[in-house]
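Welcome! Please have a look at the sequence and the structure first.

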Amino acid sequence: MPKRPMLHPHGLPSKDQVLQFIQTADGIVGKREIAKAFGLKGQEKIKLKALLKDMAEEGLIDGKKTAYHRMGGVPKVTVLRIMEIDDGEPYAIPDAWTPEDAVPPPRLRVIEKRKGPGKIAALKVGDRILARTEEVGKNGWLAHPMKKLPARTEGLMGVVEIDRTGKGWLAPVDKRVRQSTPIADLGGAEEGQLVLAEPAGRSPRAGVKVVEVLGDPLLPKSFSLIAIAKHGIPHVFPEGALEEGALAAKLPLSPDHREDLRGLPIVAIDPADARDHDDAIWAEPDGEGGFRAIVAIADVSFYVRPGGALDREARKRGNSVYFPDRVVPMLPEVLSADVCSLKQGVDRAAMVCHLRISPEGKVTKFRFTRALVRIAANIAYEDAQAMVDLRSSRAASSEVETRSSRDVSTADLDRLDPALDTNGLGDALDNLWAAWRLLAADRAARDPLELELPERRVVLDEQGRIASVAVRERLDAHRVVEDFMIAANVAAAKALESKTAPVVYRIHEPPGREKLVALRDYLKTFGHSLALGQVITPGLFNRFLKDVTDEAEKAQVMEAVLRSQTQAYYGPANAGHFGLALASYAHFTSPIRRYADLLVHRALVDAFKLEQPAPKPPIPESSGLSERDRADLGRVSEAISAAERRAMEAERETIDRYVAAWLAGRVGEVFDTRITGVQSFGFFATIEQLGGDGLVPVSTLGDEHFRFDEAARMLVGADSGTRYAVGDRLKLRLGEANPLTGALKFELPDSEGRIEPRGQRVAAKPRGKPAGKPRPPMGKRGRPANIRHQGKRR
C-alpha cells in the first residue's frame, strides 16, 4: 500500500501557509492542530506561537489562543451583531469584523428557535448573540443562536468629552450605561458634540472611533435622533420605495368597483396635530332603538401591495414611530400624509366596516366593503367634545337632560369654527355620541380592565423648544372613537374567522401564575386577599380598585395590577384579549401606521373577494395576502411585535429626555411625587401630573441603615421604622436633571416632606436597638455590591 503523501511541508510555515491551512481545515483549528500539521516540535512550537501572535496583530487571524480563524471566514462559534430585520428574519455580521483588506463582512441569516428549550427573546437590530455558524453553498451563511449577550452598542452613541490631557472620551446618552469609553479616533468631532461611534478594534480597550457627528446634543431635535440611532429605527426610505410610492399615489379611483359613500357625513376625529387620518365614523338611528354605523378606514392595501419595494420597507419598519418633534412614518409621506389620509372634502379610498348596533349595544351584524368616501370634517377631539357639550347644554336649557362630560369653557367656544356646526355636522356628532352610549353600556357589561394611566404630552413652540409638559386630558370624544374602533376590530377578527381565513390577532394573555402569586403577596400587605383558585378576570382587578378609597393606596394597587399583566403581541393563533375581555380581537383601524392592520386588510380582500382591477406594472397586481403570509403569518407577526416594542421604548425614552430638559431649569425645586419602584439601592419616584421617573439613592436617606423588603416592595429603616413603599406620596427636591440620558435624581428636602402617611401600613418603631456594632454613616463599606471581585482568592 503506498504511503499517504504529506499535505503540508515540515518546518515553520509561512503566513500564507497558515492562512491556507486554517481556511481548508474541516474542524476547529488551534495552535496544536497547526503544529501537528506542519510537524513542529520544541523550539519550532515557540516560534509558531510568536508567528500567530504577529498575524493576529496584523489582523490576518483573530487573536484567540485556543481556536484561530482567518479574518475573512467565520468561526464555528462566534459573537454576531444583528444588523437588519428583513421580512421578519434577522441578519447579522460578526461583531468583531475588522479585516485589514477592507473586505465587507459576511451576512449571516439567523435561524431563531421559537419553541422549546433554548428559545431566546425576539431579536432586534443591535442585539449581540453567541451563535453556531454554518456555510450553506458558496455564498450563504446561517447562524443558530445559543444565547443573547448583553448589549454593547448602546454605549456607541454619546457626547465627546476631552480630558485635561487632551484625550477624548465618549460620554453615554443611555442612563443604563454608566462609564465613558475612550475615543481612539475623533474623526473631526469636537468637544460637546453628539456623535455615533463604533468599536476601534476587537478588544474593549481599543476604544471607539467616531463615524458620524450629529451636532448639538442639547437641541430638542437631538432627543429623537438619539432614540432613532440607538434603536436602529429605519428612517430613510430607499429610492425604490419612494419611486413605487409615487406611482401608487397616482392609481385612479373609480366608483365602478367600490361602494359610493360620498354622500354620508362621515367625520374623522383625531388629535389636533394629527398628520395622518386613518379612520372616520358615522352613525344614524335604525328606527328600532339601535344604530346603523360605519367605520371607514384608509384603504392602504390598495396602494401598498405585497412583494414590492414599498411593502418590503413598510414590513421592515412595522409601524410609525411618534416623537414630539417628528414622525418616522411606516409609509412615504406622499401616502401617509396625503393620498391614503382621510382628508376633509376630497375623495378617498376606504375599507369600510358596516355595523348594526342593537339597543343593548351589541354588534349584531357586520360586513366589509371597499368604498369611496368624502370626509365631511377633520375635527380635533377637543373641538368635537366642545360642540357636543355646547349642544347638550342648549338642550338642557330646554328641559332636556344634559349629557355633558365637562363644562364648556370660554376657550372652547372661542376655538370652535362657526362653520363646524353647519351642514348637519352637529347632528352627525350627536348621533355618534348616542350610538357610543349603547356601545359603552355593552363595554361596561363586559367589564374590561380599567386602569387610569396618565399619558404625558410634550408641547413644542414654533422654534422646536419645549413650551410645556402636561398629562393629556381624557375626554368622552376619545372614548367615542376608541369604542367604535374596538367594535370594528372585533368585527374584522370574527369576519375572517367566519371564512376560516388567516388572522393576525392582537393577543393579550391572562397574567401568569408567578405574577399572580407576587400580586397576592403584595396585596396581603394591604389586608386584601386574592384567591388564586378562582377564575382571574379583568373585573376581579376592577373590583379591587373600586373598593380602595384611599387615593395613595389605590395608586399602589393600580401599579401592582399593571405590573402583573402580560405584554400584548401579534400572532396567528388566537388566545383572546384579556384586558379588553374579548374572545377574538385584531387590529384593523390603523393601516397607515401599523403593518399588522395592513395584513388584516389584505386578508379581508381575499376572504370577501374585494380585489380591484390590476394596476399597470411595475406595481404588483394583487392587494391581498402574499402566498408566503397566507401559509405562515407567525414569522411576520413576531417581527412586527418586536418593532412595536422598539417603537414604544424609543418614544418613552424620548419623552423622558424632553421632560428632563424641561426640568433642568428647575433643579432645587420641591415637587409632589409618588414612589413608583423600590430596590435595595433606593427608590424611584415620579412627579405627579407630569411624569419623569427619578432615583432617590438609599445613601441619601440619612445615617440610618435601610432594609429592602422585596415582598412588600419597600425600604424599612432599621432604627426608626421609617418606610418607603410603592405608591407613597411625598415631597422631594429635584437634585439633577440630565437631558442627554433622561435621568432625574431626587433627594429628601431638609425636613421630610411626606404628604400622605402610609396609614395602616406604617409600623410602630421597633422596640430596643439592634444588637451589634454601630453601622457606618453612609451605607455599607467595601466595594459596591454590584461590582464583582476580580482578584484571586487568597
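## Starting at D338

Leaving aside residues up to four places away in sequence, D338 touches E333, K343 and R348, where contact means heavy atoms within 4.5 Å. D338 is found in helix α8 (residues 333-339); helices here are DSSP runs of H or I with at least four residues, strands are runs of E with at least two, and both are numbered from the N terminus. With a relative accessible area of 33%, D338 is partly exposed. That class lies between buried, under 20%, and exposed, over 50% (1.4 Å probe, protein chains only). D338 and R275 are 63 residues apart in sequence, and their C-alpha atoms are 8.7 Å apart in space.

## About the model

This is a predicted model, in which local features need pLDDT of at least 70 and side-chain atom pairs count only at pLDDT 80 or more, while totals for chains, interfaces and linings use all residues. Residues are numbered from 1 along each chain as its sequence is written, and side-chain values use heavy atoms, leaving out hydrogens and water.

## Helix α7 and its partner

Next, meet helix α7 (residues 309-317), whose axis comes within 9 Å of that of helix α16 (residues 595-607) and crosses it at roughly 130°. Axes are lines fitted to C-alpha atoms, for helices over the stretch in contact, with angles from 0 to 180 degrees between N-to-C directions. The two helices, α7 and α16, are therefore oblique to each other, the class left over once angles under 35 degrees (roughly parallel), over 145 (roughly antiparallel) and 65 to 115 (roughly perpendicular) are taken out. On the α7 side, D311, A314 and R315 meet Y595, L598 and R602 of α16.

Buried residues of α7 include L310, D311 and A314. After α7 comes G318, with a positive phi near 80°.

## Salt bridges

How many salt bridges does the structure hold? There are 43, each a side-chain nitrogen of Lys or Arg within 4 Å of a carboxyl oxygen of Asp or Glu. Within α7, R317 and E313 form one (2.9 Å, N to O); they are four residues apart in the helix, and therefore separated by about one helical turn. Both R317 and E313 also belong to a network of salt bridges with E84, R107 and K316.

Another salt bridge joins R674 and E559, with the closest N and O atoms 3.0 Å apart. R674 lies in strand β24 (residues 670-679) and E559 in helix α15 (residues 551-564), so this pair ties together parts 115 residues apart in sequence. Both R674 and E559 are buried.
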